[in-house]
Amino acid sequence: MVALNVNGKSYDVNVDPETPLLWVLRDTIGLTGTKYGCGIAQCGACTVHLDGEAMRACIVPVSEAANRKITTIEGLAENGVLSKVQQVWLDHDVPQCGYCQSGMIMAATALLKSTPKPTDEDINAAMTNICRCGTYQQVRAAIHAAAKA
Amino acid sequence: MRDEPETDLALMKFGIGQPVPRSEDPKLLRGEGRYTDDISLSGQAYAVMVRSRHAHATIRGIDSTEARAMPGVLGVYTQADLEAAGFGPLKCPIAFPNRDGTPMKTPPRPALARDKVRFVGEAVAFIVAETAAQARDAAEAVIFDVEELPAVTDPVAALAPGAPQVHADAPGNLVLDYHYGDADAVNAAFARAAHVTRLEIVSNRVVVNAMEPRAAIGSYDPDTQRWTLHVGCQGVFGLRASLAKDVLNVPPDKVHVLTGNVGGSFGMKAPVYPEYPCLLFAARALGRPVKWTDERSESFVSDHHGRDHQRIAELALDAEGNFLAVRLTGYGNAGAFIYPPLPATINAVKNVVDVYRTPAIEVNSKIVFTNTTPIAAYRGAGRPEGNYYMERLIDTAAREMGIDRVELRRRNHIAPQAMPWKAPSGMLYDSGDFTGVLDDALKAADWQGFDKRRQESRARGRLRGRGIGSYLEVTAPPSKEMGGIRFEADGTVTMISGTLDYGQGHASPFAQVLVEKLGIPFDRLRLLQGDSDQLKAGGGTGGSRSALVAGQAFVEASAQVIERGRQIAAHILEAAAADIEFSRGRFTIAGTDRSIGILELAERLRSGMSLPPDVPSSLDVAHVSDNPPSSFPNGCHIAEVEIDPDTGAVDVVRYAMVNDFGTVINPLLVEGQAHGGVVQGIGQALMEHTVFNDEGQPLTGSYMDYALPRAVHAPDFRVQNHPVPCKSNILGIKGCGEAGCAGALPAVMNAVIDALQEHGIRHIDMPATPEKIWRALHEPREETRP
Ligand code: FES
Ligand code: FES
C-alpha cells in the first residue's frame, strides 16, 4: 500500500512501489489528464507537481511521491474556476491537439512560481516540453500574459 | 424582428472571419480531453505486439509455449490465427501505372508477418493478457526461429543488381517507375536553355511523432455480430470502409469506428494499421474488449514515417532568367510496404510548379522497397518538397546567373490577369496574387534592413543569411463530404461532418458557418465527427481539405434547412411558402412583422404539431456534398538565420510569412496552423534525422537520439494574410493545414545557404545539423561541387 495525496484527496493504492507515478495516476486512480509521451523524462507530457515543484511523473517511482502533495492538471482549477495559467491558455488559444498541454500548463505554473516575470530566454530554458503541433509561440505569449496578470 | 440586434452582434462576434476561440480548449486545458488511452471498457484485456528485431529475416518458426503459460496470459496469436478466422490482409488503395503502362506492384501486407519480416518493428505476433504488464512480460518470452537475411535501407542500393529482395513478387525492389510530363518538350527546353541549374537534393526521412502514441480498443458483440473499434484516426468513415471491405470482409454496418480526441496525426494515423485487425480478432476470440497502446520506442518504428526522397532537380532558364522547364529525377523510399499517397509521385508534380510560369515539367520517380518502416503521409505528403526543390533551384540559379533572387521570382510569377491558369501539372489555378504576396512578405520581413542586421551579427562573430520560400499548395482532390444538421431535443444543434479534428480545432469554424447561414447562436452548436454510425459519407481530414469541404457541405445543408423551414413556417404562420423569407435566423412573411425563429420552429416541431403530408416534418438534413475542386493556397515565407561558425549551430532569428488562404473563417486557428507547420518545417530542415545502419537497425529510436523542435527552436512568427478568395468553392476558402511546411523548408534552407555562401558553400542537405555545417565550413569539401 502506498498512501498518496492527489489534488487534496487521499488514496491508498495497492501497487508495486517502483511503478512510475504516471501509471498510478492514470490507471489506478483514473486521473487521465496527465499524459504519457515517452516514459524517459524527455517530452514533459506527464508533468505534475510534487510539493509545488514540476516533476516528470513517468520516472518518479510512486513510493517517492508518498506523503507528498501531488497536483495534477485536474487539480489546478479551484471550485471550477480555471487557474491563472489555464485562463491565459484559453485566452491565447494555445492548444491544438491538446495532448502535450497538461504537461505544458503544469510546467508553466511551476515556472511562474519560481520566476514570476520570466523572459523569453527563461521560458525557452524552462519549457523543454515537446509540442509536435508547434504551439510554442502561443505558450510564450500566454506565459508573459500570466506574468502580467 | 425582436432579436435582430442580438443576431447582428452574434454575427460580429461569431460569424465568418471572426477570431472565435476554440470550443475544444476548455476541456483540453482541464485535462478532460478523451484520447483513446483515456478510455477503458469494462472487462477489457490488454494487448502487446511482439515486434521484429531484425530488419530482414525468414521466419522458420514461432514458439509461444512458454509465453502462453505465463501469468495472466489469455492468448498468443500469429498471422495463421488471423487467416484461419478469415481476416484479410491490409491493402494499399492506390495504384499508378508504370512509365511503360504496366501496373505497379501492390503486394498486400499481412497484419502480422507470416513467412518473413521486412523491417525492424514489424509485428509478428501479439499477446493478450489481463494486464498490460503481464502481456509485456509474455511478449519477451516468445521465441522466434529466424534466418537472418541481408537488409537494404537505401533505394539506390536496393535497385542495384544482387540487392536483397524485400518482396518476392517485386523483382529488383521496384514498386513503381513513375513518370509525369512531356519528356520531349522538357528535353527541348533544356537543349535550348541559356543556363541550367542542377542540384542533388534530399528530403530527409522524418519520424512523425504525434505526441499521443497510437492506441485502440477492439470489441465485438456476438448478438449483433458487430465490431467496434475505438481508435485515433483521421476519419472514421473511411477507416470503417477499409476495415470492413479489406480486412473483415463484412458489410460496413457490421463495423463501428469511434474516435474521441486525437493527439496529433499529421497524416500518420490515417490508414488501417496491423494492430487494429489484431484487436478485433482477439475481442471476438476472447469475448471481451481488448486495448492496446503503443510505447514510444515502438512508435518510432511502427508508425509510418514521412519524406525520404532523393532527387536530381534541374531548372532550365533562358538568358533573361525566364524558366523554360523543370525536371525532377530520383527515388522515393517506400519502406517495406506501400501506403498512399506515394508522396514522391503526383504530389511532387503538383507543388513543384509553385507560383511560376514554367511551361514544361517532368517528374521521374522510382519508388523502391527497402527494409525500413513504411513511408506514408506526413504534413503535405510530398508536396512541401516540391516547393522546396523549386525554391532551392531558384536561389541557386539566381546566384549562378547574377540575377537578384527577388527579381528572378517576380519575373516568373504567374500574373493575376493570367488566371485561370492551366499549370503543367494539369491543375487549373483559379486565383492568386503572387507578386503582391511576395511584396507584402518583403515588407513584413524588413528585407531592406537586412544588411544592417547582418553587420550586427558579424560583429558578434555570427554568419547571417536570409531565405525566401514561396509556395503554392494543391489541396486534396474532390471527394464527397457530409454536412448534417440535426435539431436536438435539448435545444442544441448538432453539426455532423465526416472530417475529423486531430488538433485543427474544427468545432468553432464550422459553427461560425452556421451562425452566419442559419443565425443559430454559437453556443447552441455542437460538432459530431468521430462516430461512423452517424455518417453517410466522409473523406476525413487530410490534404488541407476540411474547412473547404465541410464549409461547402454545411452551406449547402443550410440552404436545405431553410427550404424545409420555409414550408413549415408557412404552415405555422398561415402563409404561402413563397412569401416566407429567411434572414438572420428568422422565417418572416415578406412585408410583415410576423415571423418565427428557427430554434422556436424546431421546438414547435418537437412538441408534436400536426402537419399536412406535403410539409416536411423536421428541419434535419443529412446532406452529402459533391465536393468542389482543389484549391491553391499560396504564400511567401522569409526566414533569417544566424550561424555560429565555431559550432555550426543555426538559430532561426526572424521569420515572417504572408499567406493567401482565401476566405479565412477563423484567423486564430489559421495562425495556429501556420505556426505548427513552420515549426515542423524547421524541425525537418535543421534537426530531424532518421538513421538506419547497414543491417537496417534504426539508430534514432528515442527522444535521446531523434531531435525534435522545442520552444527554443521556434522564433516568434510574423503572420499576415493576403487573401484572394478562391473562385471554385462557395465560401472562397483555400486550405491552410499543410502550408507551413511548404514555405518553411525552402525559406530556412535558402537562409542557411545564404549565410554560408561567402564560404563557397552551394548546397547542404537537410537536416542542416551543426555537425554538417561545421564540416562544410572547416573541412575540404566535396559536396559543393558545381
Ligand atoms: S512521458 Fe514523462 S517526460 Fe515523456
Ligand atoms: S498541442 Fe498537440 S502536441 Fe502540443
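This is a predicted model: local features need pLDDT of at least 70, side-chain atom pairs count only at pLDDT 80 or more; totals for chains, interfaces and linings use all residues.
## Domain contacts in chain A

Chain A is divided into domain 1, residues 2-75, and domain 2, residues 84-148. The C-alpha centres of these two domains of chain A lie 21 Å apart. Their contact draws 16 residues from domain 1 of chain A and 13 residues from domain 2 of chain A. Together, domain 1 of chain A and domain 2 of chain A bury about 1200 Å², with 58% of that area on carbon and sulfur atoms. Between them there are zero salt bridges, whereas six residue pairs are in polar contact, both residues being at pLDDT 80 or more.

On the side of domain 1 of chain A that touches domain 2 of chain A, strands E3 and E4 (53-56) of chain A each supply at least two residues. The most comes from E3(A), with three residues. By class, this side of domain 1 of chain A has six nonpolar, eight polar and two charged residues.

## Domain contacts in chain B

In chain B, both assigned domains are made of two segments: domain 1 comprises 7-33 + 477-626, and domain 2 comprises 432-470 + 631-786. A distance of 40 Å separates the C-alpha centres of domain 1 of chain B and domain 2 of chain B. The contact takes 24 residues from domain 1 of chain B and 17 residues from domain 2 of chain B. About 1500 Å² is buried between domain 1 of chain B and domain 2 of chain B, 68% of it on carbon and sulfur atoms.

Helices H16 (507-518) and H17 (546-573) of chain B each provide at least two residues of the side of domain 1 of chain B that touches domain 2 of chain B. H17(B) gives the most to that side, with six residues. The class counts for this side of domain 1 of chain B are nine nonpolar, 12 polar and three charged residues.

## Salt bridges

Over all chains, the count comes to 54 salt bridges.

| Asp145(B) | Arg60(B) | 3.3 Å |

The salt bridge of Arg60(B) and Asp145(B) links distant parts of the chain, with Arg60(B) in strand E2 (residues 57-63) and Asp145(B) in strand E6 (residues 143-148) of chain B, 85 residues apart. Arg60(B) counts as exposed because its relative accessibility is 53%; Asp145(B), at 38%, counts as partly exposed.

Glu314(B) is buried at 12% relative accessibility, and Arg327(B) is buried at 14%.

A network of salt bridges links Asp446(B), Arg453(B), Arg460(B), Arg464(B), Glu640(B), Glu642(B) and Arg654(B).

## Backbone exceptions

Most residues other than glycine have a negative phi, and most peptide bonds are trans. The peptide bond from Pro340(B) to Pro341(B) is cis, with omega near 5 degrees; Pro341(B) is in the loop between strand E16 (323-335) and helix H11 (346-352) of chain B. Another cis peptide bond joins Met419(B) and Pro420(B), with omega about -5 degrees. Pro420(B) is located in the loop between helix H13 (405-412) and strand E18 (421-422) of chain B.

Ala41(A), which is not a glycine, has a positive phi of about 65 degrees and lies in the loop between helix H1 (21-29) and strand E3 (47-50) of chain A. Asn209(B) likewise has a positive phi, near 60 degrees. Asn209(B) sits in the loop between strand E9 (206-207) and strand E10 (215-221) of chain B and counts as buried at 2% relative accessibility.

## Helix H1 of chain A

The buried residues in H1(A) include Leu21(A), Leu22(A), Val24(A), Leu25(A), Arg26(A) and Ile29(A). The buried residues of H1(A) pack against strands E1 (2-6), E2 (9-13), E3 and E5 (69-71) and helix H2 (62-65) of chain A. Gly30(A), with a positive phi near 85 degrees, follows H1(A).

Definitions and conventions
Residues are numbered from 1 along each chain as its sequence is written. Chains are lettered from A and ligands numbered from 1 in the order in which they are written. Side-chain values use heavy atoms; hydrogens and water are left out. Domain bounds come from an automatic or database domain assignment. Contact means heavy atoms within 4.5 Å. Buried area is the accessible area (1.4 Å probe) that two parts lose on being put together, summed over both. Helices (H or I, at least four residues) and strands (E, at least two) are DSSP runs, numbered from the N terminus. Ala, Val, Leu, Ile, Met, Phe, Trp, Tyr, Cys and Pro count as nonpolar, Asp, Glu, Lys and Arg as charged, and the others, Gly among them, as polar. Buried means under 20% relative accessible area, exposed over 50%, partly exposed in between (1.4 Å probe, protein chains only). A salt bridge is a side-chain nitrogen of Lys or Arg within 4 Å of a carboxyl oxygen of Asp or Glu. A polar contact is a pair of N or O atoms within 3.5 Å; within protein, one must be able to donate a hydrogen and the other to accept it, and residues adjacent in sequence count only if both atoms are side-chain atoms.
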